[in-house]
Amino acid sequence: MTKTYQTGDTVSGKVTGIQPYGAFVALDDQTQGLVHISEITHGYVKEVSEYLAVGQEVDVKVLEVDTKSKKISLSIRALQEQPVAAQKTEKPKQSLQSHVNENDSEGFNSLKEKMEEWIKRSGQQ
């Protein structure tokens with residue numbers, strides 16, 4: 001690696017190759033990283049080539065730098081604003097107990113009692 005890249009850096013690069021699992025981006029003359037298919041954009045990406053082309057200039061965010069293997073994980077998606085439809089609205093979490101109707105007489109009978117009732121019903125048909 002010619003230059004030292006740090007996690008969180010935003011840099012420009014050029015797409016040098018496209019694979020089914022992502023795109024390789026040259027950050028300088030001797031350093032390239034991978035934008036995994038899941039880091040191209042928000043939402044589902046079926047074909048990398050529908051979003052990127054070899055030679056295209058892109059801005060990327062450095063997600064991880066593995067100095068031993070000299071691999072750099074990159075993201076385009078991290079620099080994009082999340083679409084409104086994809087943003088989750090936080091609802092207060094309720095316990096499962098709050099969904100239980102304790103006045104439901106059938107729901108709290110024991111399995112043995114229910115089994116006897118089911119056997120009787122099946123014989124009547």
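Predicted model: local features only at pLDDT ≥ 70, side-chain atom pairs only at ≥ 80, totals over all residues.
Two strands are taken to pair if DSSP finds at least two bridges between them. Strands (E, at least two residues) and helices (H or I, at least four) are DSSP runs, numbered from the N terminus. Residues are numbered from 1 along each chain as its sequence is written, and side-chain values use heavy atoms, with hydrogens and water left out.

Strand pairing is described first. Strand β4 (residues 57-66) pairs with β5 in the antiparallel sense over five bridges, and within this pairing Val-65 stands opposite Ile-72 of β5. The two strands β4 and β5 form a hairpin with four residues between them, and Lys-70 in the turn has a positive phi of about 60°. On β5 there is also a parallel pairing, over two bridges, with strand β3 (residues 32-36); here Leu-74 of β5 is the bridge partner of Val-35. Strand β4 is joined in turn to strand β1 (residues 10-19), the two being antiparallel over five bridges, with Ser-12 opposite Asp-59 of β4.

The nonpolar core is considered next. A nonpolar core is a set of buried Ala, Val, Leu, Ile, Met, Phe, Trp, Tyr and Cys residues joined through side-chain atoms within 4.5 Å; buried means under 20% relative accessible area, exposed over 50%, and partly exposed in between (1.4 Å probe, protein chains only). The largest such core holds 18 residues, of which Leu-27, Val-60 and Leu-74 touch the most other members. Strands β1, β2, β4 and β5 each supply at least two residues of this core, and β4 gives the most, with three residues. Contact is defined as heavy atoms within 4.5 Å. Leaving aside neighbours within four places in sequence, Val-60 is in contact with Asp-9, Thr-10, Val-11, Leu-27, Val-35, Leu-74, Ser-75, Ile-76 and Leu-79.

Ser-75 lies in strand β5 (residues 71-75) and counts as buried because its relative accessible area is 0%. Not counting residues up to four places away in sequence, Ser-75 touches Val-35, Glu-39, Asp-59, Val-60, Lys-61 and Leu-63. A polar contact (a pair of N or O atoms within 3.5 Å; within protein, one must be able to donate a hydrogen and the other to accept it, and residues adjacent in sequence count only if both atoms are side-chain atoms) links the side chain of Ser-75 to the side chain of Glu-39 at 2.6 Å. The side chain of Ser-75 also reaches the backbone nitrogen of Arg-77, at 3.3 Å.

Two salt bridges are present in the structure, a salt bridge being a side-chain nitrogen of Lys or Arg within 4 Å of a carboxyl oxygen of Asp or Glu. In one of these salt bridges, the side chains of Arg-77 and Glu-39 meet at 3.2 Å, N to O. Arg-77 lies in the loop between β5 and α1 (111-124) and Glu-39 in the loop between β3 and β4, so the pair ties together parts that are 38 residues apart in sequence. Glu-39 is buried, with a relative accessible area of 14%, while Arg-77 is partly exposed at 29%. Glu-117 forms a salt bridge with Arg-121, with the closest N and O atoms 2.1 Å apart. Both Glu-117 and Arg-121 lie in helix α1, four residues apart, about one turn of the helix. Glu-117 is partly exposed at 28% relative accessibility, as is Arg-121 at 41%.

One aromatic pair is found in the structure. Tyr-21 and Phe-24 form this pair, which is edge-to-face, with 6.3 Å centre to centre and 90° between the planes. Rings of Phe, Tyr and Trp (its six-membered ring) pair if their centres lie within 6.5 Å; planes under 30 degrees apart count as stacked, over 60 as edge-to-face and the rest as tilted. Tyr-21 is partly exposed, at 39% relative accessibility, and Phe-24 is likewise partly exposed, with a relative accessible area of 24%.
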